[in-house]
Amino acid sequence: MLEYIYQVTGLLLIAFSMQSFLDRKNEKRLGTGFFWLIYGLSFCLGSFIPDWLTGLMILALTLIAATGLFGTGNYQQSDSKFKEKQALGFKNKLFLPALVVPVGTILWSQLTDSSALIGLGLSSVLALVIATILTKCNPVQSIHEGRRLLDTIGWAAILAQFLAALGYLFSQAGVGETVSQLVQLFIPENNLLIYVMAYTFGMALFTIVMGNAFAAFAVITTGIGIPLLVVAEGGNPAIVGVLGMLSGYCGTLMTPMAANYNIVPAVLLELTNKNQIILTQFLPGLSMLVINTALMYVLAF
Amino acid sequence: MIDLWPLIGVAVITVGLALRLNTLLVILAAGLITGLLANIAIVEILSMLGASFSKNRYMSLFILILPMIGVLERYGLRERAETLIGTMKSASAGRVMLSYVLLRKVTNGMGLSLGGHPSMIRPLVAPMAEAAAHKNRAPLNDNEKHRIRALAAMSENFGNFFSQLIFIGAGGLLLIKGVFHDSGYELSLSDMYQWALPTALASFVVFAIVGKFADFRLMKRISSKAEK
């Protein structure tokens, strides 16, 4: 069943790519079009083609992104007067289709045995249908609107899958073990609180270095979180994982490497000290890290 | 003796990102180098990347939501959100920013990314907070203005980060699920998002305290000016 949802996603991506190719106002329409085409094919064919071929597709996607061949185009957007008028008309009904997604997903996972992911996929399609009926929007235009949003996210759309693939490769190559051994050199055995702190503070620190909690997560979790907290101490993996990720976000608050959140806004807001946002966030971020550590210590064991 | 070679990949990522090279390129390079140093053949490296990439397609299912959000935006979703912020009868800068934190968390929980530094903080939240701070007291000096703006940026980050994992289809949750799956643990999304709620609540309280403190500092200037 999940495979069908992947097929739909792949087809949507291919539709995006077709629209990109035809978008004359986009100087980079070939690069953008090929990017979505290859990505869409990876969704549709992923289960059927050999893995190294998917690996090659990943290379192609990276090349297109790295050489700057990706760009935004024209999506026949509505102007702001139109939007304001429609907003006045629909008021809070506009939020209704959006609510369908989380509500539908949760209902599905409660009422059926199958994965919440299937619920997510089905709810998304249902929400789109409801939105189109409510607004009387042309279905083709809805694809343009989806493309607009995805193009804004850009090549970063594949980042989550990419980082997961990297995490897997890292763990196969022994990075997790090295981190694990290094950590155990320094911390006393069987002290649960120190283990928890090693994980949460390790997540924050690694995120500060890498600038991105997703990138830190796979390494620190396989290196510290799983061997020390789940295997050795029997912690609940769901709680360890979620609070671990949230600890990583505490690190994001403190690092100039997370430029989009800390440095770019400082420029946007015309602050004389480019690091002022980081300085403002440091103590509250540290407090949240301590809170997350305490929550994990209390809830997961 | 600990084998430190695998850590070269980490070094590559750190240096690459610090040099502001394209993230995908840096990650790919780090992966390839790490794999080669571990004596894994190139074809096998590609296979591992490909296999993991395909297995983790579910992380990108948020793409299915985009047309719906795009349609709603076409018909004024952001404008409606702005109206809602504008109708807040806020007494203070801290209150304005705290309401924004709440809005950000609730909409994140619905899977909508309605906020952002360029779209909400700069044009709306920061000026509204400054205006609220300005009420009933002397004009703000530059230091005070900058402090409020930095706090406004913090409200976006606090509101955004600590509500990321409340949405059941969040990319972060899917990544967590994927990493644990690779180590043999099956986690369920409907279980995971609930554990993000205590932190979301805690971050709201922390920001409320920070906001109250900021308001207090701003108000003190009235009393000290009045005494002069």
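On a 1 Å grid over the protein atoms alone, a cavity is a set of points where a 1.4 Å probe fits but cannot get out. A search of the whole structure, a predicted model, finds 1 cavity of 30 Å³ or more; a volume is the space filled by probe spheres set on the points, which are joined across faces, edges and corners. Residues are numbered from 1 along each chain as its sequence is written, and chains are lettered from A, with ligands numbered from 1, in the order in which they are written. Local features need pLDDT of at least 70 and side-chain atom pairs count only at pLDDT 80 or more, while totals for chains, interfaces and linings use all residues, and side-chain values use heavy atoms, with hydrogens and water left out.

**The largest cavity**

- The largest cavity has a volume of about 50 Å³.
- Its lining (residues with an atom within 4 Å of a point) consists of A:I58, A:F162, A:A165, A:L166, B:I27, B:L28, B:G31 and B:L49.
- By class, this lining has 7 nonpolar, 1 polar and no charged residues (Ala, Val, Leu, Ile, Met, Phe, Trp, Tyr, Cys and Pro count as nonpolar, Asp, Glu, Lys and Arg as charged, and the others, Gly among them, as polar).
- At least two lining residues each come from α8 (159–172) of chain A and α2 (23–37) of chain B; helices are DSSP runs (H or I, at least four residues), numbered from the N terminus.

**Packing of α8(A) with α2(B)**

- The axes of α8(A) and α2(B) come within 9 Å and cross at roughly 15 degrees; axes are lines fitted to C-alpha atoms over the stretch in contact, and angles run from 0 to 180 degrees between N-to-C directions.
- The two helices are therefore roughly parallel to each other (angles under 35 degrees).
- In this contact (heavy atoms within 4.5 Å), residues of α8(A) including A:F162 and A:L166 meet residues of α2(B) including B:I27, B:L28 and B:G31.
- The residues of the contact divide into 10 nonpolar, 3 polar and no charged.

**The second largest pocket**

- Of its 14 lining residues, A:T280, B:R147, B:L151, B:V210 and B:R217 are the closest to its centre.
- α15 (276–299) of chain A and both α8 (142–161) and α11 (197–227) of chain B each supply at least two residues of the lining.
- That lining comprises 9 nonpolar, 2 polar and 3 charged residues.

Definitions and conventions
On a 1 Å grid over the protein atoms alone, a cavity is a set of points where a 1.4 Å probe fits but cannot get out, and a pocket is an open set with protein on both sides within 12 Å along at least five of seven lines; lining residues have an atom within 4 Å of a point. Angles under 35 degrees count as roughly parallel, over 145 as roughly antiparallel, 65 to 115 as roughly perpendicular and the rest as oblique.
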